[in-house]
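This report concerns the model displayed below.

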There are 2 protein chains.
Amino acid sequence: MLKKQKREKLQLTKRIDDYSQWYTDVIQAADLAEHAPVKGCMIIKPYGYAIWENMKEVLDQKIKESDVKNAYFPLLIPEKLLKKEKKHVEGFSPEVAVVTYAGGKRLTEAFVVRPTSETIIYEAFSRWIHSRRDLPLLINQWANVIRWELRPRLFLRTTEFLWQEGHTVHADEKEADKRARLMLNIYKDFIEQYLAIPVIAGKKSESEKFAGALHTYTLEAMMQDGKALQIATSHNLGQNFAKAFNIQFTDEDGSSTFGWQTSWGLSTRTIGGLIMTHSDDTGLVLPPRLAPIQIIIVPIWRTEEDERKVRPEIKNIVEMLQKKGLEKIQVDWSEKHPGEKYYYWERKGVPIRIEVGPRDIRNKEMVLARRDTGKKETCNLNSLYERLIFLLNDIQQTLFQKALAYQKEKTKYVETWSDFKKQIRNGNFVLAHWHKDSAIEKKIKKETQATIRCIPFSQKEESGMCVYSGKPSKKRILFARAY
Amino acid sequence: MLKKQKREKLQLTKRIDDYSQWYTDVIQAADLAEHAPVKGCMIIKPYGYAIWENMKEVLDQKIKESDVKNAYFPLLIPEKLLKKEKKHVEGFSPEVAVVTYAGGKRLTEAFVVRPTSETIIYEAFSRWIHSRRDLPLLINQWANVIRWELRPRLFLRTTEFLWQEGHTVHADEKEADKRARLMLNIYKDFIEQYLAIPVIAGKKSESEKFAGALHTYTLEAMMQDGKALQIATSHNLGQNFAKAFNIQFTDEDGSSTFGWQTSWGLSTRTIGGLIMTHSDDTGLVLPPRLAPIQIIIVPIWRTEEDERKVRPEIKNIVEMLQKKGLEKIQVDWSEKHPGEKYYYWERKGVPIRIEVGPRDIRNKEMVLARRDTGKKETCNLNSLYERLIFLLNDIQQTLFQKALAYQKEKTKYVETWSDFKKQIRNGNFVLAHWHKDSAIEKKIKKETQATIRCIPFSQKEESGMCVYSGKPSKKRILFARAY
């Protein structure tokens with residue numbers, strides 16, 4: 001729990017003392033979410049949900065611009081459908097919630113609450129697809145899913161989470177792989193440009209790929225404690241599900257071929273990544289492009305006479321800014337002390353605070369304070385709009401550049417096993433050689449808790465030796481401890 | 001199943017022959033939705049989902065403008081929470097789906113998949129609310145809910161449906177009632193202005209009100225078969241749930257008071273009402289303000305030379321219209337015969353079709369066809385944009401006025417029991433007197449299948465006699481058979 005000090009100044013745990021507790025404190029102090037009475041589930045509170053809505057709006061548009069259409073499929077999946085793809089059911093059955101009673105009766109066939117929707121969607125696709133003309137089929141849905149979680153953490157690991165899941169069918173392998181990679185790129189642009197989180201794109205190892213996929217592509221982000229967060233994935237499913245669900249199309253020559261498929265998703269987990277990338281010991285820090293409130297105005301007065309001067313002027317300022325397009329602006333008219341208001345909005349991560357008192361009104365100027373750097377400056381009313389636009393862009397860029405510099409600084413090229421262990425222990429990302437041997441991958445994980453996050457696309461071929469076994473390797477891959 | 005005739009002209013069942021089958025045919029022909037392999041559940045296909053997205057976008061904005069904030073609460077409700085409000089659990093327990101296994105184990109406490117979220121939300125509200133300053137609390141969520149359905153019909157009655165549910169807490173009864181009525185008015189404006197469905201607003205009788213509510217306000221719409229559809233409801237919950245969930249606030253004088261609450265919702269069922277209000281024997285008819293595609297252009301050519309002339313001109317026309325703000329416009333470049341394209345887009349209810357051939361291009365004119373009336377007209381390219389704007393507005397108004405005239409024509413003032421039975425049998429709405437006696441209400445339902453749809457706000461007080469019992473009554477109320 002947060003310690004409550006006088007004047008409502010909540011003292012967050014410091015990152016250096018307990019990163020995990022700090023994370024929980026930030027969420028509580030910004031009032032983003034809380035644990036529900038249902039074990040592992042969370043309540044996303046209005047301020048947290050507003051961030052998700054902003055994310056949804058942008059990503060939904062990007063997905064639609066890539067010719068994908070939204071639809072909606074049932075929450076409940078007949079157990080027999082889930083079992084159709086062998087690896088898929090093995091991967092998910094330990095996590096599913098099962099409905100056995102409904103409408104006052106015991107069901108003859110149980111239903112699984114969707115942990116992901118490949119099976120229920122592909123049953124439909126098998127009926128929708130007849131000929132090559134029906135391809136590509138490009139579908140997305142925004143939905144809730146349930147994966148039973150024993151060690152829940154708000155946003156990062158919750159039994160129920162919100163996400164979008166895309167599902168496509170193509171006429172050949174090449175086109176399917178192109179789509180899987182295209183979606184990864186759309187996620188990358190979205191996450192880097194809006195969430196200001198730099199990511200490393202790559203391919204998952206065999207043991208880390210999605211249950212039922214041919215290849216899984218992933219975006220890995222570095223949190224401030226040096227651990228990795230898998231922030232979005234895109235799967236080339238090959239023909240695995242098409243064969244299990246009989247998704248076939250008639251080709252021009254009359255022959256039947258199984259479709260080639262992809263699926264890809266991004267969830268509320270991403271908000272956990274957003275928090276852990278930018279926030280500080282004071283609380284949440286939000287990139288302007290996703291902030292529900294970009295600018296908070298704190299009016300300052302002591303006497304009633306001052307208030308009478310300040311109020312109408314602030315109203316004018318807000319109207320002027322809104323007219324010019326700065327709509328995410330709010331004034332804190334509450335009766336708290338200005339200092340308390342500063343702390344309150346800092347904890348909520350609002351990018352810019354404007355302080356306006358009676359003297360400022362007289363001088364036609366005001367104080368602007370940046371949440372990211374804490375820097376204050378005086379700004380004339382005449383140049384206020386332009387300055388705010390500049391600052392919002394600058395904060396967005398600064399957050400990204402800072403996170404990128406941190407990621408680069410803490411990503412180590414490693415050649416020896418002892419250095420590997422040391423760098424992982426120090427909370428770094430490690431780029432090292434590996435012989436593509438799953439047994440070695442397991443040993444590394446057991447000894448260091450580090451997993452293969454991905455085989456980065458950016459790594460060039462080079463000859464090297466597996467950091468653990470000494471066997472030959474052609475490419476460095478990314479290891480880290482992960483959420 | 002639809003009969004397939006040559007040239008892909010699907011023959012829908014006529015309304016006069018079988019209204020229920022016609023409804024199913026319209027949905028299939030427009031490709032809006034289909035039954036899922038999960039009994040009672042539906043798959044909302046892209047075109048149907050696009051209508052829901054348009055509805056969501058408008059309604060979400062209206063809800064937010066009334067100071068309500070979105071949030072998200074868990075899908076799963078501990079059984080003991082559901083049981084806290086006695087009438088509520090009685091109302092919903094026959095319909096719920098129950099999760100008894102999860103994470104590979106039998107659960108010690110079962111979870112109910114939300115049929116509505118009063119209980120899970122009010123448990124949180126009881127923790128969030130302390131003093132009068134925390135009120136009013138105004139929350140909405142967009143979610144899926146499950147109510148086990150034995151006689152499913154696409155959109156109208158499905159085991160899973162999508163909706164928004166609003167939940168508010170107020171300091172006194174008057175303010176809560178005001179909010180419940182405000183939300184009903186917001187729904188009314190939305191449904192009349194966007195869905196072009198005229199509705200009758202009123203209060204439910206005691207036996208028809210929401211399980212756990214003090215008063216239920218409702219909007220009732222007339223379908224083309226004269227049956228009523230309850231299209232949205234808003235409940236004044238009084239203090240029932242506040243007492244069950246201990247939602248108390250400290251008043252200025254230090255005393256504790258239970259909160260006064262409301263809840264209100266609108267679901268995908270509304271799409272069923274949209275279909276049944278405006279569509280005809282050819283297929284779907286959509287009001288322009290909610291149509292995913294407002295204008296479809298069908299290019300016409302015979303020779304390749306013609307095609308070379310028509311193609312670039314159509315591209316220019318589309319660009320011009322989009323630049324001016326008509327974004328929901330599409331060109332059917334498929335290789336079908338123009339006649340097939342006409343049928344295809346008519347079945348999908350696109351409000352305006354533009355036909356453009358090489359002669360039209362030469363004359364700088366084109367043919368515009370209205371989906372609602374079937375009327376065609378020639379329009380000069382110079383006035384195209386203005387004419388389209390006029391037609392879109394006119395179609396929107398015409399659909400509403402037509403439905404309103406139909407509703408008025410089929411709403412009968414009835415004084416005698418024999419006339420009552422006759423008018424109900426003929427598929428009319430009946431305005432008649434009733435003595436507020438639940439036993440009589442039951443008898444009427446048993447003998448005629450008609451229920452009290454609402455006590456309309458618009459009905460003035462007048463002295464009369466109950467149409468069944470002859471006992472004195474002060475107000476006419478609305479009876480009808482209903483979906």
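## Overall dimensions

What radius of gyration does chain A have, with its 483 residues? The radius of gyration of chain A is 25 Å, which agrees with the value near 23 Å that a compact globule of 483 residues would have; the radius is taken over C-alpha atoms, and the globule rule is 2.2 Å times the number of residues to the power 0.38. Along the principal axes, the C-alpha atoms of chain A fill a box of roughly 85 × 60 × 45 Å.

The model is predicted: local features need pLDDT of at least 70 and side-chain atom pairs count only at pLDDT 80 or more, while totals for chains, interfaces and linings use all residues. Residues are numbered from 1 along each chain as its sequence is written, with chains lettered from A and ligands numbered from 1 in the order in which they are written.

## Secondary structure and domains

Chain A has 14 helices and 27 strands, these being DSSP runs numbered from the N terminus (helices: H or I, at least four residues; strands: E, at least two). Of the 483 residues of chain A, 48% count as buried. A residue is buried if 20 or more other C-beta atoms, placed from the backbone, lie within 10 Å of its own, exposed if 12 or fewer do, and partly exposed in between. Among the contacts in chain A with a separation of 6 or more, 68% join residues 24 or more positions apart; contact requires C-beta atoms, placed from the backbone, within 7 Å.

Chain A is assigned domain 1 (3-278), domain 2 (288-400) and domain 3 (412-480), with bounds from an automatic or database domain assignment. The C-alpha centres of domain 1 and domain 2 of chain A are separated by 37 Å. Between these two domains of chain A, 17 residues of domain 1 are in contact with 13 residues of domain 2. On the domain 1 side, helix 1 (19-30) and helix 2 (46-65) of chain A each give two or more residues, and helix 2 of chain A supplies the largest share, five residues. The residues on this side comprise eleven nonpolar, two polar and four charged. Here Ala, Val, Leu, Ile, Met, Phe, Trp, Tyr, Cys and Pro count as nonpolar, Asp, Glu, Lys and Arg as charged, and the others, Gly among them, as polar.

In the interface between the chains, 40 residues of chain A are in contact with 40 residues of chain B. Strand 7 (residues 97-102) of chain A gives the largest share of the chain A side, six residues. That side divides into 29 nonpolar, five polar and six charged residues. Strand 7 of chain A pairs with strand 7 (residues 97-102) of chain B in the antiparallel sense over five bridges, where pairing requires at least two DSSP bridges. In this arrangement, A:Ala102 stands opposite B:Ala97.

A:Ala36 lies in the loop between strand 3 (33-35) and strand 4 (42-44) of chain A. A:Ala36 is buried, with 24 other C-beta atoms within 10 Å. Beyond its neighbours within four places in sequence, A:Ala36 is in contact with A:Cys41, A:Met42, A:Ile43 and B:Pro74.

In chain B, ten of the ten residues of helix 8 (residues 269-278) are buried, so this helix is largely enclosed by the rest of the structure.
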